[in-house]
Amino acid sequence: MPEADKSGNVFEKRLVEAYIAENGRDPVTDEELSLEDLVELQTARIARPRPPTLTSIPSLLSVFQNEWDALALETYTLRQQLTQTRQELSTALYQHDAAVRVIARLSRERDEAREALSRVSIHGQPNTNGDAMQVDSPGLSDTLIAKVEATQEKLSKTRRKRPVPDDWVTADALNSFTPLDKSDILLPGARSFAYNAGIDSLLIGGKDGELGVYSRETKAVVQKMNAGPGLVTDALWVGDRIVASTSRGNVKIFEAGSEIGSFSGHAGEVASLAVHPSGDILASVGIDKSYIFYDLTRNTIATQVLTDAALTTAAFHPDGHLFAAGGSDGQIKVYDVKSAANAANFDSDGPIAAISFSENGTWLASAAKGSSNVSVWDLRKGAVIHTIDVASPVSAVSWDYTGQFIAMGGSSGLVVHQYSKASKEWSEPLKSAVPSIAVEWGRNAGVILCLDADGSITTVSSR
């Protein structure tokens, strides 16, 4: 209820009485003021009128009409946007389908071209089932041919007269070999490694292109590199340089941890690598039925040769004049390094899993995938002169430097056989249950290093 003071100002009764009780003064003029000075004002009660737009039926109909029009307009706009979105989605799906069809057609044409290329043969060359063909290259340069000839002349002269080093391991010492220590899992998925006696370190390749240098002294990975996408299928040392191949068809060269060369000459997985005794030529073999020689003095591809089967493993003869490649067709194909002529073929009983030339220069050991037998071939006779039954599938074969010991590894264990020149007999100085998908001889053959399927290294030696 409103009230007025003596100065004529109008206030809300409750508020002005509270103010006077507290301050005793007029809120506006600040003069002294008491409750008796207030005058109550009488006012008539008036009801507020309703909004004019909702006081009649016509006005209500008008409001309803406006709401309906707004709703209809919003519905039309949403349908229009839905139609546009459907058209855009239809266009995107059509373009995606067209892209998939183009990719499928190109992939099919690529595969057909590779298959046609693999069936190409050369007429007028010497005969053997695996005649090789030069692909996109003129062959080895005169410089590399001279290097091959010089290396063969130098090594072949001294091979048979080369004495066994005094500090080399003996059969009696091998009898006492036991697993000494096992590393942690270094690189998951590893299936290849290589030993460098100069720095007493191992090069290991794993999945996702991972490469690691494992020091046996510190028992730790001291250097890491990456060879790109895909599994590292093989890795080796060339002096202080590192070479690795991958399942994506790449071959990478590293020096001091940095990449200095990269090649992608294979149309598919690179299965294996091998280095020439001169250290100037690198070889790679692939499932695209070809092998490639690289000139490491210039970091270039020297030549590429097509064969008649996918290749799975490779090795150079100790003298460097021959190159052997194992095929998925169960055939070991031996080529002349200089001319790429097919010198000989040895038939096995399944896809070749491993090959290794003996340092005596006349023997070649091989193992077929899934087989427990290791065949020793005489290159001069072209026939198997000895078969070793390991009693479990063999995945790795490695001769020692003297040519008297051969180490054979598989998922079930490690076996070493010896050939005695004096008695011309074979013996088995070592058999161990150490899983070995890859095997390497250490310094003076006093240590055997084994890689298992988990990516760990086991050292086998005498205590």
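Strands β12 and β13 form a hairpin with two residues between them. In its turn, Ala256 has a positive phi of about 55 degrees. Strands here are DSSP runs of E with at least two residues, numbered from the N terminus. The model is predicted: local features need pLDDT of at least 70, side-chain atom pairs count only at pLDDT 80 or more, and totals for chains, interfaces and linings use all residues. Residues are numbered from 1 along each chain as its sequence is written, and side-chain values use heavy atoms, with hydrogens and water left out.

β12 spans residues 251-255, and β13 spans residues 258-263. The two run antiparallel and are joined by five bridges. Two strands are taken to pair if DSSP finds at least two bridges between them. Ile253 stands opposite Gly261 of β13.

β12 also pairs with β11 (residues 241-246). This pairing is antiparallel too and has four bridges. Ala244 has Lys252 of β12 as its bridge partner. The hairpin of β11 and β12 has four residues between the strands. Gly249 in this hairpin takes a positive phi near 90 degrees.

β12 is mostly covered, with four of its five residues buried. Buried means under 20% relative accessible area, with a 1.4 Å probe and protein chains only. Val251 is in contact (heavy atoms within 4.5 Å) with residues beyond its neighbours within four places in sequence, including Val243, Ala244, Gly261, Phe263, Val270, Leu273, Leu282 and Tyr294.

Val251 also belongs to the largest nonpolar core, which has 24 residues. Such a core is a set of buried Ala, Val, Leu, Ile, Met, Phe, Trp, Tyr and Cys residues joined through side-chain atoms within 4.5 Å. Leu203, Leu211, Leu236, Ile242, Val243, Val251 and Leu282 touch the most other members. β8 (210-215), β10 (232-238), β11, β12, β14 (270-275) and β16 (290-295) each supply at least two residues of this core. β10 gives the most, with five.

Gln304 is located in strand β17 (residues 300-306). Gln304 counts as buried because its relative accessibility is 14%. Its side chain makes a polar contact of 3.0 Å with the side chain of Ser290. A polar contact is a pair of N or O atoms within 3.5 Å; within protein, one must be able to donate a hydrogen and the other to accept it, and residues adjacent in sequence count only if both atoms are side-chain atoms. The Gln304 side chain also reaches the backbone oxygen of Gly265, at 3.4 Å.

Technical notes. Buried means under 20% relative accessible area, exposed over 50%, partly exposed in between (1.4 Å probe, protein chains only).
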